[in-house]
Amino acid sequence: MEMQLPFEPEGEAAPSFRCMSCGSAEVHASRVRSAFWHDDRLVVVEGIPALVCERCGDQFYDDRTAIGLDILRGGGFPAEQAVRTVEVAVFDYGEAPAVRNVS
Ligand SMILES: [Zn+2]
């Protein structure tokens, strides 16, 4: 989901941008959070500037943000810099669950 944008998400309105997933023009600049695997750790980054599609909820980062996330990742997400921690529930897919009406 780290795609190039033709403008800065934090700048002025983006009248020409359309969602790259569903094509909707109802996209707004926001701050989002996302989870990343770092080795065997799952970490969450909040406050990421992104464009969010009102229709499908997909999020798009510009180049600068993608690079910033790479820099954070390269720093190894040291535990002492975490602003807080959350507990994460883990599930096992197990035997294939019954799946109906996959379209
Ligand atoms: Zn969309």
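This is a predicted model: local features need pLDDT of at least 70, side-chain atom pairs count only at pLDDT 80 or more; totals for chains, interfaces and linings use all residues.
What share of the contacts in the protein chain with a separation of 6 or more comes from residues 24 or more positions apart?

Figure 1. Residues 24 or more positions apart account for 53% of the contacts with a separation of 6 or more. The protein chain has 103 residues, and 26% of them are buried.

**Figure 2. An aromatic pair, Phe 17 with Phe 60.** Here is the one aromatic pair that the structure holds. The ring centres of Phe 17 and Phe 60 are 5.7 Å apart and the planes meet at 65°, so the pair is edge-to-face. Phe 17 sits in the segment before β1 (27-38), while Phe 60 belongs to strand β3 (residues 59-60), so the pair ties together parts 43 residues apart in sequence. Both partners are worth a look for their surroundings too. Phe 17 has a relative accessibility of 6%, so Phe 17 counts as buried. Phe 60 is also buried, and its relative accessible area is 0%.

**Figure 3. The largest nonpolar core.** In soluble globular proteins, nonpolar side chains tend to be buried together. In this view, 10 residues form the largest nonpolar core: Val 32, Phe 36, Val 43, Val 45, Ile 48, Ala 50, Val 52, Tyr 61, Leu 69 and Phe 77. Strands β1 and β2 each supply at least two residues of this core, and β2 gives the most, with five. A second, separate core has six residues, among them Phe 17, Val 27, Leu 51 and Phe 60.

**Figure 4. Val 52 and its neighbours.** Zoom in on Val 52, a member of the largest nonpolar core. Leaving aside residues up to four places away in sequence, Val 52 touches Glu 26, Val 27, His 28, Ser 30, Val 32, Gly 57, Asp 58 and Gln 59.

**Figure 5. The largest pocket and its lining.** This pocket has a volume of about 670 Å³. It is lined by 20 residues, and the closest to its centre are Val 43, Val 44, Ala 82, Val 83 and Arg 84. Two or more lining residues come from each of β2 (41-53) and α1 (63-74). Strand β2 gives the most to the lining, with six residues.

Methods
Residues are numbered from 1 along each chain as its sequence is written. Side-chain values use heavy atoms; hydrogens and water are left out. Rings of Phe, Tyr and Trp (its six-membered ring) pair if their centres lie within 6.5 Å; planes under 30 degrees apart count as stacked, over 60 as edge-to-face and the rest as tilted. Helices (H or I, at least four residues) and strands (E, at least two) are DSSP runs, numbered from the N terminus. Buried means under 20% relative accessible area, exposed over 50%, partly exposed in between (1.4 Å probe, protein chains only). On a 1 Å grid over the protein atoms alone, a cavity is a set of points where a 1.4 Å probe fits but cannot get out, and a pocket is an open set with protein on both sides within 12 Å along at least five of seven lines; lining residues have an atom within 4 Å of a point. Grid points are joined across faces, edges and corners, and a volume is the space filled by probe spheres set on the points. A nonpolar core is a set of buried Ala, Val, Leu, Ile, Met, Phe, Trp, Tyr and Cys residues joined through side-chain atoms within 4.5 Å. Contact means heavy atoms within 4.5 Å.
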